[in-house]
Amino acid sequence: MDFQTAVFFFLSAILIFASLRVITARNPVHAALHLILAFFTCGGIWALLQAEFLAIAIILVYVGAVMVLFLFVVMMLDINIDRIRQGFWNYLPLGALLGLLMVLEMGLVLGSKYFQIPAAEALVPAGISNTKSIGALMFTDYVYPFELASLILLVGMIAAIVLTHRGPKKSKYTNPNQQVFVKAKDRVRVLQMPVEKD
Amino acid sequence: MDALMNFGLGIFGGAWPAVWTLLKIVLIVAPLMLGVAYLTYFERKVIGFMQVRIGPNRVGPWGLIQPIADGLKLLLKEIIVPTTANKGIFIIAPMLAIAPALAAWAVVPFTDSLVVANIDASLLYIMAITSMGVYGIILSGWASNSKYAFLGAMRSAAQMVSYEISMGFSLICVLMVSNSLNLVDIVNVQDQGRFAGWGLSFLSWNWLPLFPMFIVYLISGTAELNRAPFDVAEGESEIVAGFHVEYSGMAFALFFLAEYANMILVSALTSILFMGGWLSPVGFLPDGILWLFIKMSAILFLFLWFRATFPRYRYDQLMRLGWKVFLPICLIWLVVVGVWMMSPLNIWK
């Protein structure tokens with residue numbers, strides 16, 4: 001076993017362990033942290049495949065931005081694990097079926113002849129930067145899918161703004177007439193509370 | 001150099017490349033830690049002089065041994081873990097803060113040959129690694145199980161994510177004009193141009209044509225560092241000390257080291273990306289690593305000056321500056337640079 005294979009198995013072991021912990025950890029923050037570990041390890045595996053741009057991009061986008069916001073939200077939530085675990089056995093058959101289906105689909109895609117790239121073609125010739133070649137492909141052969149994806153992202157951004165936008169803020173002003181006629185009993189309420197004794 | 005290589009190969013054999021890399025890492029990290037120690041001394045002295053005080057002057061001549069004494073004190077102090085804290089995360093949070101601050105130095109070039117790893121996508125690597133620094137802060141705030149720490153963590157997370165965007169856009173402008181993601185190439189490109197031909201190379205550095213981006217990068221960098229006037233994450237007058245309020249001893253010192261190591265990193269990056277790195281400002285003086293250190297010191301002094309001068313931003317003002325001022329400026333300047341490069345007036349050929 002050469003060095004690269006050893007590194008691959010090491011990273012894969014971490015990736016599988018982290019992914020399992022994402023769905024089994026009881027504490028949601030721990031689960032999110034394991035997801036971060038999984039993304040990071042995934043980046044490591046891509047770096048092993050000499051896909052340096054993708055490796056750094058997944059760390060930059062997912063670890064550096066998406067998961068920060070995700071963690072931000074998860075920390076604020078008060079998730080009751082027991083309520084989530086309710087009905088686990090009822091949903092298990094359906095979940096298992098869906099999981100099996102996904103494994104099957106992935107197997108079909110990965111095993112198809114379009115996905116098999118000869119090792120000689122996969123290697124980037126020396127002296128050409130990975131980033132440059134991806135950029136060139138993106139803006140020549142794949143320009144329409146790429147622009148379409150960016151358009152979808154733009155629509156998503158605008159939708160998020162529209163959903164949370166509350167309109168311009170109305171200016172606050174006071175009405176002196178109302179202020180003058182206010183009586184103490186309109187604003188102040190006197191409460192009777194029993195004395196607390198320890 | 002060849003003699004050293006042969007000597008190493010003779011002693012370590014096949015393991016020599018690994019040992020040599022480790023040696024290079026030590027050669028960067030050790031001076032960096034010393035630099036951090038003396039940056040704290042320098043900060044206290046500079047702010048002291050600006051506020052007409054003397055600053056540290058008791059330990060050693062002119063207080064020069066003060067940072068060593070501080071470090072020793074922190075090493076010997078007990079690390080107290082609060083009873084309701086999440087212990088594991090509480091312990092690893094400071095490590096997560098310092099690790100990216102050190103890892104980013106792997107690709108920072110000091111001269112065109114003096115760099116640990118001269119990789120093609122070094123600018124991307126730096127952006128990716130530094131964006132992970134926020135985890136140390138968020139996790140320490142959450143794991144402390146204290147409301148002040150948590151408030152600090154929340155503020156810091158929102159602030160760092162907002163300013164990273166404008167920082168990223170200013171870097172995109174730099175890589176557009178340099179046509180490269182490699183930091184060594186980015187510096188070398190700045191040595192070309194009409195002014196460099198006249199021997200006035202400081203006018204052909206990126207700071208002049210990309211002046212708005214230079215300012216945006218410098219200010220966003222200050223915000224990313226959680227330094228005054230953007231230090232709402234610590235805000236000692238509002239939330240005591242923010243995310244590290246529960247930390248003591250060496251765990252606290254790690255946050256401190258991370259902050260100052262990041263300061264030195266941002267100053268190095270600003271020098272490399274916008275101020276010509278190791279290039280000499282005028283034609284008749286030789287290029288060299290000394291120029292990089294002079295530029296870094298000037299920017300570090302700027303950070304200290306900011307801290308002594310500006311009052312802290314209010315939180316909503318800070319968000320407004322990031323999203324409503326810097327982001328539009330970046331987007332507009334991105335288009336301007338793009339059009340400029342496509343027009344006959346292009347100066348980066």
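Colleague: Which residues does B:Met341 touch, not counting residues up to four places away in sequence?

Modeller: The structure is a predicted model. B:Met341 belongs to helix α14 of chain B. Leaving out residues up to four places away in sequence, the residues that B:Met341 touches are B:Met176, B:Val177, B:Asn346 and B:Trp348.

Colleague: Is B:Met341 buried, exposed or partly exposed?

Modeller: A residue is buried at 20 or more other C-beta atoms within 10 Å and exposed at 12 or fewer. B:Met341 has 15 other C-beta atoms within 10 Å, so its class is partly exposed.

Colleague: What distance separates the C-alpha atoms of B:Met341 and B:Gly71?

Modeller: Along the chain, B:Met341 and B:Gly71 are 270 residues apart. The separation of their C-alpha atoms is 50 Å.

Colleague: Are α7(B) and α14(B) roughly parallel or roughly antiparallel?

Modeller: Helix α14 of chain B covers residues 315-342, and its axis lies 9 Å from that of α7(B). The crossing of the two helices, α7(B) and α14(B), is left-handed. By class, their contact has 19 nonpolar, 6 polar and 1 charged residues. The packing angle is about 15°, and angles under 35 degrees count as roughly parallel, so α7(B) and α14(B) are roughly parallel.

Colleague: How is α1(A) oriented relative to α2(A), roughly parallel or roughly antiparallel?

Modeller: Helix α1 (residues 3-24) of chain A packs against helix α2 (residues 28-48) of chain A, with the axes 8 Å apart and an angle of about 160°. Because angles over 145 degrees count as roughly antiparallel, α1(A) is, relative to α2(A), roughly antiparallel.

Colleague: How do the residues of the contact of α1(A) with α2(A) divide by class?

Modeller: In this pair, α1(A) passes α2(A) in a left-handed crossing. Among the contributors from α1(A) are A:Phe8, A:Leu11 and A:Arg21, and those from α2(A) include A:His34, A:Leu35 and A:Cys42. The division of the contact residues is 14 nonpolar, 5 polar and 1 charged.

Colleague: Which element gives the most to the side of chain B that touches chain A?

Modeller: In the interface, 14 residues of chain B are in contact with 17 residues of chain A. The elements giving two or more residues to the chain B side are α5 (122-130), α6 (134-143) and α7 (147-178) of chain B. By class, that side has 12 nonpolar, 1 polar and 1 charged residues. With 4 residues, the element that gives the most is α5(B).

Colleague: Where in chain A is confidence lowest?

Modeller: Chain A comprises 10 helices and 0 strands. Its mean pLDDT is 84, and 90% of its residues reach 70 or more. Confidence is highest in helix α8 (residues 143-164) of chain A, at 92, whereas the lowest, at a mean of 59, is in helix α6 (residues 119-122) of chain A.

Colleague: What percentage of the residues of chain A count as buried?

Modeller: Among contacts in chain A between residues at least 6 apart in sequence, 52% join residues at least 24 apart. Of the 198 residues of chain A, the share that counts as buried is 12%.

Colleague: Does B:Val52 count as buried or exposed?

Modeller: B:Val52 sits in the loop between α2 (16-50) and α3 (66-76) of chain B. Although B:Val52 is not a glycine, its phi is positive, about 55°. B:Val52 has 6 C-beta neighbours inside 10 Å, and because 12 or fewer is the criterion, it counts as exposed.

Technical notes:
Residues numbered from 1 in each chain as written. Chains lettered and ligands numbered in written order. Predicted model: local features only at pLDDT ≥ 70, side-chain atom pairs only at ≥ 80, totals over all residues. Contact = placed C-beta atoms within 7 Å. Nonpolar A, V, L, I, M, F, W, Y, C, P; charged D, E, K, R; others polar. Axes fitted to C-alpha atoms, helices over the stretch in contact; angles between N-to-C directions. Parallel < 35°, antiparallel > 145°, perpendicular 65-115°, else oblique. Left-handed = near helix turned anticlockwise from the far one by under 90°. pLDDT = per-residue confidence, 0-100.
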